[in-house]
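Welcome, and thanks for taking a look at this one with me.

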Amino acid sequence: FKALKEVLSAVPLWPLLKLLPRRLASFLLPMTSFSRLAAQRTAPTLQALGCSPRLASTLAYIWGDCGVPPHLGSWAMHALLVTHYFGGSFYPVGGPNKIVQHCVAELERRGSKVLVKA
């Protein structure tokens with residue numbers, strides 16, 4: 001968890017760089033710890049932390065949310081995504097299909113026609 005906390009502690013500075021003039025932000029960006037952590041890849045970082053291949057694959061299960069496999073994905077992005085779910089995740093009562101059902105009902109109420117297997 002220490003490695004995840006390191007990423008989280010580096011995040012607050014990142015948006016502040018957006019407020020600075022571009023030249024100054026470009027100069028300061030490489031000096032930030034978040035920039036260094038974002039350049040690290042997930043799989044090698046987990047290996048460096050002493051994870052076995054099986055544990056690393058378990059910890060990197062969420063890589064599909066980023067769309068990049070762990071050997072290519074940013075460690076910082078992975079850490080932010082993982083910590084996002086620390087409070088849990090939620091599904092609507094009745095499952096995720098309820099989202100689609102309600103969207104279809106709203107579209108049809110507004111006069112649209114939803115076609116499936118058309």
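1. A word on terms before we start: a cavity here is a set of grid points where a 1.4 Å probe fits but cannot get out. Please keep in mind that this is a predicted model. With that rule, one cavity of 30 Å³ or more is counted.

2. The largest cavity has a volume of about 50 Å³. Which residues line the largest cavity? They are Thr-42, Ala-60, Trp-63, Cys-66, Val-68, Pro-69, Pro-70, Gly-73, Ser-74 and His-78. Sorted by class, six of these lining residues are nonpolar and four are polar, with no charged residues.

3. Now for the open spaces. The largest pocket holds about 300 Å³ of space. Its lining is made of 15 residues, and Phe-1, Leu-4, Leu-59, Trp-75 and Val-82 lie nearest the centre of the pocket. Helix H1 (2-10), helix H6 (53-59) and helix H7 (75-84) are the elements that each give two or more residues to this lining. In class terms, the pocket lining divides into 12 nonpolar residues, two polar and one charged.

4. How many disulfides does the model have? The count is zero. For a pair to qualify, the two cysteine sulfur atoms must be within 2.5 Å.

5. Is Cys-51 buried or exposed? Cys-51 counts as buried, at 14% relative accessibility. Cys-103, by contrast, is partly exposed, with a relative accessible area of 42%.

Methods: Residues are numbered from 1 along each chain as its sequence is written. This is a predicted model: local features need pLDDT of at least 70, side-chain atom pairs count only at pLDDT 80 or more; totals for chains, interfaces and linings use all residues. Side-chain values use heavy atoms; hydrogens and water are left out. On a 1 Å grid over the protein atoms alone, a cavity is a set of points where a 1.4 Å probe fits but cannot get out, and a pocket is an open set with protein on both sides within 12 Å along at least five of seven lines; lining residues have an atom within 4 Å of a point. Grid points are joined across faces, edges and corners, and a volume is the space filled by probe spheres set on the points. Ala, Val, Leu, Ile, Met, Phe, Trp, Tyr, Cys and Pro count as nonpolar, Asp, Glu, Lys and Arg as charged, and the others, Gly among them, as polar. Buried means under 20% relative accessible area, exposed over 50%, partly exposed in between (1.4 Å probe, protein chains only). Helices (H or I, at least four residues) and strands (E, at least two) are DSSP runs, numbered from the N terminus.
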